[in-house]
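User: Hey, I'm new to this one and would like a quick tour. Can we go through it piece by piece?

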Amino acid sequence: MRWNAFDTPVHDSQRVYRQLLSAMAEPGTFAQVSGDPLAPPGAAIGTACWATLLTLCDLDTRVWVSPELNAAGLGEALTFHTGARQTDRPEEADFALVIPATLEGSADCEAPAFQEGSDTYPDRSTTLLVVLDCLDAAGPWTLSGPGIPGRRRLDVGQGGEALMMRLAANRARFPYGLDAILTCGTRLAAVPRSTRITRSASEEVDVCMSP
C-alpha cells in the first residue's frame, strides 16, 4: 500500500513545523493541515498525523507505534520516507503514536511507560502523537497556563478520559512529563506538559494516578 510524502519536502515540512510550534505555544488552539499527502485508505491515521510524522521524524528519532495503529504498512512507510527507527520499547521512544485507549492498560497488559525526562535532561521525554475520533472546542476539559489567556475548552471525544488524566498528571511532575500533539483528520492541537487541565469548569483533575 502506497504512502505519499510531501510534494515539496522542504517547503511543506517547514509549513507544518510552524503550525506545530504555534500549537505548542498556544495550547488548545487548532491548526488545519490541508493540501498535504493523504494517508491511504485503510490507514488508522489521518492527514494531520501523517504530516506531523513526516515533519518531526528523521534518522535520529525513535518511534513507538501502538499495535492498534500499526496497519496498512505504516511502519514501513515511516522508515522509508523519514529513516526513523522503530522501537518496541515505549520508554526508549522520542515519539509515540497512540490512541487514548493505549494509555488505559488492562488486566492483561499494563499501560506503556514512556520517558518523562531526567534531572539532567528534563526535555528528553517522549512526545505523544495521539489519533482521535474527535477534536473540538467547547468540550468537558478546560486548559489553562502558559500560552492561554484565561482558559480554553477542549473536546477529545468519547474514551478520552485516560489521555487527559495522563496529561493532567504532568503538573505534579513538572518539569518532567509528556508533551502531546492531538490529531483528528486534518486538524491538530497540542497540550504541552506545562498546561493545567481541569474537568468541568471548577474541579481540577485528580493527578494521583500511575503512568
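User: Is phenylalanine 114 buried or exposed?

Analyst: Phenylalanine 114 has a relative accessible area of 10%, so it counts as buried (under 20% relative accessible area, with exposed over 50% and partly exposed in between, using a 1.4 Å probe and protein chains only). Keep in mind that this is a predicted model, where local features need pLDDT of at least 70, side-chain atom pairs count only at pLDDT 80 or more, and totals for chains, interfaces and linings use all residues. Residues are numbered from 1 along each chain as its sequence is written, and side-chain values use heavy atoms, with hydrogens and water left out.

User: How many aromatic pairs are there?

Analyst: Two aromatic pairs, counting rings of Phe, Tyr and Trp (its six-membered ring) whose centres lie within 6.5 Å. In one of them, tryptophan 64 and phenylalanine 114 sit edge-to-face, 5.7 Å centre to centre with 70° between the planes. For the wording, planes under 30 degrees apart are stacked, over 60 edge-to-face and the rest tilted.

User: Where do those two residues sit in the chain?

Analyst: Tryptophan 64 is in strand β2 (residues 62-65), while phenylalanine 114 is in the loop between β4 (95-98) and β5 (127-131), so the pair links distant parts of the chain, 50 residues apart. Strands here are DSSP runs (E, at least two residues), helices likewise (H or I, at least four), numbered from the N terminus. Tryptophan 64 is buried too, at 10% relative accessibility.

User: Switching to helices: at what angle do α2 and α3 pack?

Analyst: Helix α2 (residues 47-56) and helix α3 (residues 74-82) pack at about 40°, with their axes 9 Å apart. Axes are lines fitted to C-alpha atoms over the stretch in contact, and angles run from 0 to 180 degrees between N-to-C directions. That's why α2 and α3 are oblique to each other; under 35 degrees is roughly parallel, over 145 roughly antiparallel, 65 to 115 roughly perpendicular and the rest oblique.

User: And which residues make the contact?

Analyst: Trp50, Leu53 and Leu54 of α2, with Leu74, Ala77, Leu78, His81 and Thr82 of α3. Contact means heavy atoms within 4.5 Å.

User: What about α1 and α2?

Analyst: The axes of helix α1 (residues 9-25) and α2 come within 9 Å and cross at roughly 105°. That makes α1 roughly perpendicular to α2.

User: Last one: what does alanine 180 touch?

Analyst: Leaving out residues up to four places away in sequence, alanine 180 touches Met24, Leu128, Leu167, Ala189, Ala190 and Val191. Alanine 180 is in strand β8 (residues 179-184) and is buried, at 0% relative accessibility.
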